[in-house]
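Hi,

Here is the structure I said I would pass on.

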Amino acid sequence: MTLILESFISTRMLIYHTFKKFPPTPPWRLWSCNVHCHTVSEVVLQLSEQKGSSNNQVIKRRKKERPSCPSVLDRFDEQYSQELGDLWASSRAVLLDPHSWQHGVMLNRFSAVTDITQILQSQGFSSLLLQTDVSRVLSNGPSIVSNTKCKAGNESLLPINYVSKCPLDDGTTNAFSQELQLESSLSLSRPSLQCYIHPYPLWFPSQAHRPGQLKQYYLLNAASLLPVLALQVRDGEKVLDLCSAPGGKAIAIMQCANPALLCCNEPDPHRGDWLSRTLESFLPRSLNTRVIVSAQDGRYFGQHEAGTYDKVLVDAPCSNDRSWLYSSSSQQGEQRLKERSRLPVLQAQLLRSAMSAVRPGGVVVYSTCTLSSSENFAVVQTVLNDCPEAELEDLWEEIAIPLSKYFTFSPAHPDHGQTLHKPSLQPQNSTVSSYQHRLGILVVPQPGKTWGPMFLSRIRRKK
C-alpha cells in the first residue's frame, strides 16, 4: 500500500508540473468575450481493486470535460466584482481552474493510522493546524458543560428516521466519566485534529466505503475545518450539527473532542443516507449512544429542543460557488439562480432555530461555502437584529490572523492577504464596510491558497 500511495502522489506531481508549462489563464475581464463556456479537462488517478487480488493498483482515467455555466458565471461577475473588488479577478481564475484546487487530508484518530503520516510528509505535505495558535486557543480555559444529558438509549448511529428527543436528566458528569474510561480501555487516541495540506494541487487517493472498516483519513477543502475550530468543542459538551450531511464537519468535531452528545441532523432522506455512511466509515460503534442521527426540519429544531445544546453548528444550505459554477446544464444554472434569492430567508430561519436550541451562554457558529454577502453577512445581521440575546464574537484575531499563512481572508490588504488589518468595530460608509466584515470572516480562494469559499461567524447566546 505504501509503494502504491507514493507512486500515485509522484505521478500527480508530474501531471501538475506538466500543466504549469502552459500559459497562464488570461484576466477574467477578457474571458467574457467568449461565446460559449470555458472547459477544463481533468486527469484523475484512482486506486482500483483488481478482482481476486487484495492489492490496489494505480490507474489513469480521463474525466469528461467540465464546462462552467455562462449564466452563473455572469451573475458571479456582476455580484462579486462589486463585493470583493480586486480580489475577484484572481478568485475567479481559481474557481475556473479545478487543476489548481488544493486538497486537505484529515486523519481519523479512531482508525489504525499506520504509515499515512510518514507518506504524507515524505511527499511534501505539512500539518495545517498543529503549527498554529488555534490549537492553543481550543485547549485554554475551563470547559463549561451543561447539566443535561440526552439518553440515546439503544439508538443506532445509522437510522436516519430517528428524530432526537432529549429529555433532561441529572448525573451527566459521572456517566460521561465512565464512558471516557471505557473508551480509554479500548485504546482510542486522545482528541487531536490533524490535517495535512500540500502547496500544490496534489490529490491523495480516496478510500472506498467498507462496512465494518474505519477509514484512515477524510479528503476535504481545508477551509471547511475553520467553522469547527470556531465552535471550540470541549469534552463533555452537547453539540448539534444542524445541517450535517455529508458529515465531514461532524467527523472533524469528533477529532477535536469527546462530546457527551453529537446530534447530526439532516432532514433530506438521500443526504441522510450519505451522512450515515460517512459516520459509519469513520466512527467506531462504541460511539453509537453518543453520536446520533436526527431527521428534523432544521427550521423548527430549536422549538422542539430549546436550550438543550452547549454548541450548535449551522453549516447552512447555500449557493455553493464551486458546485454551481459547473451546473450540468444551462437550465439547471438558471433554476439555481432563481432559488438563490430565496436562500437568505431559509438561512436566517436555520440560524434563529440554532439560537433557540443553544443554552444561555452557549455558542452558535454559522457557516456557508459561498462568497455571497447576502447569504453571509446579511443573514448574520438579520438574526442579530431579531434576537436581542445574540452577541457577536470576533474571530479575526483568533482565526484569521494566525491562519493567514494558509488562507486569504477578506477584507485584506491590496497585496491579497499578506497583511491583515483587524476590522473596525464601528460602522463606516463604504461599499463593503469594515464593520460588515466584523460580522464574520470570509475565506476567498486565491492562487497558491485555493481554499474556500468559506464564511463563518460565531454568536453567543447571552446568559
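**Helix H3 and its neighbour**

Helix H3 has 15 residues and spans 20 Å from first C-alpha to last, close to the 21 Å expected at 1.5 Å a residue (that is, 1.5 Å times one less than the number of residues). Helices (H or I, at least four residues) and strands (E, at least two) are DSSP runs, numbered from the N terminus.

Keep in mind that this is a predicted model, where local features need pLDDT of at least 70, side-chain atom pairs count only at pLDDT 80 or more, and totals for chains, interfaces and linings use all residues. Residues are numbered from 1 along each chain as its sequence is written, and side-chain values use heavy atoms, with hydrogens and water left out.

The buried residues of H3 (residues 70-84) include Leu73, Phe76 and Leu84; buried means under 20% relative accessible area (1.4 Å probe, protein chains only). Just after H3, Gly85 has a positive phi of about 65°.

**Strand S13**

What about strand S13, at residues 358-368: is it enclosed or open? 10 of its 11 residues are buried, so S13 is largely enclosed by the rest of the structure.

S13 also pairs with two other strands (a pair needs at least two bridges found by DSSP). Strand S12 (residues 309-315) runs parallel to S13, joined by 6 bridges, and Lys311 sits opposite Val363. With strand S17 (residues 454-461) the pairing is antiparallel, again over 6 bridges, and here Val365 faces Arg458.

Cheers

How values were computed. Buried < 20%, exposed > 50% of the residue type's maximum accessible area, 1.4 Å probe, protein only. Axes fitted to C-alpha atoms, helices over the stretch in contact; angles between N-to-C directions.
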